[in-house]
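Reader: I am new to this structure. Please take me through its terms one by one.

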Amino acid sequence: MGRVRIAFGLLVVVVGTVWLLGEGSAVRSGGRWALSALPYVLVALGLLLVLRAAVPRGLLAAPLVLIAGGGLWAAYNAGYLGEASAGKVWPGVVIVLGAAFALGARPQPTAVEDELPFRRYRSVLVPVRRRVAADVVPLQNVAVSSWFGDARIDLTAAQFASDPVPDGWHKVLEVDVMVCFGRVELVLPPRCAVVRGNVENTLAVHFADRVAVYADTETYRSAVGGVVPRRVLLNVLGLGGSVAIRSL
């Protein structure tokens, strides 16, 4: 929520500055321009989601360059990038880029965070790659959210918390995933099972499981509990997008 407040505060500052310099007419003109540009933004987001779903990772650069070049060419031919409207277009582009970086960027974990039993990761438009390590305090919960973004969380070096039931020998880590037309990939250590928790509220979310997934804890214990001591309890809430799970 801190990044949301920062981005919203920056937007309010920009609107207030425009209002101060250009009075109310400038704010109304900017609002009408933003509404007229909204369909193009939605089309661009839709194309990006289609490309991410259809094009293998590592091959997106060429399609994105072609789409961006064609979009700029079409905008120039339509007069959106001419001298008359350039003063409105480019400030809007700068604002959008700044909001994307403010929402999507996340600082590296601090020493205090490394000592906590929970971690939080968020991807908003900008891809996020994190390798989780817990050497001081075993991890109990990891929360990952992806809003039109791409988050890959590597848990291979994480130390899971002990499960007191039934004997304390088993290890468990609860992972909460939230997706909104984004992608979340979890990389698990070897000999680690996945147990489904709350995954009912997942409208149009695609699951790409490359590890054994068990319906509940009892099924896991009776099947492989004696030889696979670590498990991830997975809870997913989302609309669109995908959740991928793989193991080394």
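Predicted model: local features only at pLDDT ≥ 70, side-chain atom pairs only at ≥ 80, totals over all residues.

Reader: What makes E2 and E4 a pair of strands?

Author: Strands (DSSP runs of E, at least two residues) are numbered from the N terminus. Two of them pair if DSSP finds at least two bridges between them. Strand E2 (residues 128–133) and strand E4 (residues 150–157) have five bridges, in the parallel sense. One of the bridges joins Arg 129 to Arg 152 in E4. In E7, Arg 152 has Glu 185 as its bridge partner.

Reader: Why do E2 and E10 stand at the edges?

Author: Five strands form an open sheet in the order E2-E4-E7-E13-E10, with parallel pairing. E2 and strand E10 (206–209) each have a single partner strand, so one side of each lacks a neighbour in the sheet.

Reader: Why is the pair of Phe 148 and Phe 181 called stacked?

Author: Rings of Phe, Tyr and Trp (its six-membered ring) pair if their centres lie within 6.5 Å; planes under 30 degrees apart count as stacked, over 60 as edge-to-face and the rest as tilted. The count by this rule is two aromatic pairs. The rings of Phe 148 and Phe 181 have centres 5.9 Å apart and planes at 20 degrees, so the pair is stacked.

Key: Residues numbered from 1 in each chain as written. Heavy atoms only, no water. Helix = DSSP H or I, 4+ residues; strand = E, 2+ residues; numbered from the N terminus.
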